[in-house]
Amino acid sequence: MKTTNDFFIPDNEVKLPEELDYSRVDEYIRSAEAFSRSTYQSVYIIDYFKQNFLYVSPNPMFLCGLTPKQVMKLGYRFYLEYVPKDEQQFLIDLNEAGFSFHQTIPVDERKDWYISYDFHILNGGKKILVNHKLTPLA
């Protein structure tokens, strides 16, 4: 059985001797909220240091009947509960390949790249195809 630990691998783990500077988090969240309001895109921010979600937009298609707060509380468990079982290993493999590639990019160029892939979520028992894009904010 898959667990949320399958998504957090050495290539995406943030290990630091001290707490990160979170003084800009509110700015990132406000920017994501503004982007979400101006498009019909589902937007969320993942904190790889604390391994949780910092923001989840209120787009009902992505939420699968949940509130943004419920999805934030689920964190990566959302994928285990709402992605079809036969696609979960695909997501884990993509996660590993994407972050492995990310590590080969010079640090000062990483914000210029994004990873894009498709997978399904189950919304009310129906499969919904999601085009997922992942890019670093900081």
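Is E27 buried, partly exposed or exposed? Select E27 and check: its relative accessible area is 36%, so E27 is partly exposed (buried means under 20% relative accessible area, exposed over 50%, partly exposed in between, with a 1.4 Å probe and protein chains only).

Before moving on, a quick note. This is a predicted model, where local features need pLDDT of at least 70 and side-chain atom pairs count only at pLDDT 80 or more, while totals for chains, interfaces and linings use all residues. Residues are numbered from 1 along each chain as its sequence is written, and side-chain values use heavy atoms, leaving out hydrogens and water.

R24 and E27 form a salt bridge, with their closest N and O atoms 3.0 Å apart (a salt bridge is a side-chain nitrogen of Lys or Arg within 4 Å of a carboxyl oxygen of Asp or Glu). R24 is partly exposed, at 43% relative accessibility.

How many salt bridges does the structure hold? Two. For another one, select R77 and E81: their side chains meet at 3.7 Å, N to O. The two sit four residues apart in helix α4, so about one helical turn separates them (helices are DSSP runs of H or I, at least four residues, and strands are runs of E, at least two, numbered from the N terminus). R77 is partly exposed at 41%, and E81 is partly exposed at 45%.

Last stop: G75, in the loop between α3 (68–74) and α4 (77–82). G75 has 8% relative accessibility, so it counts as buried. Select F53 too: G75 and F53 are 22 residues apart in sequence, yet 5.8 Å apart in space, C-alpha to C-alpha.
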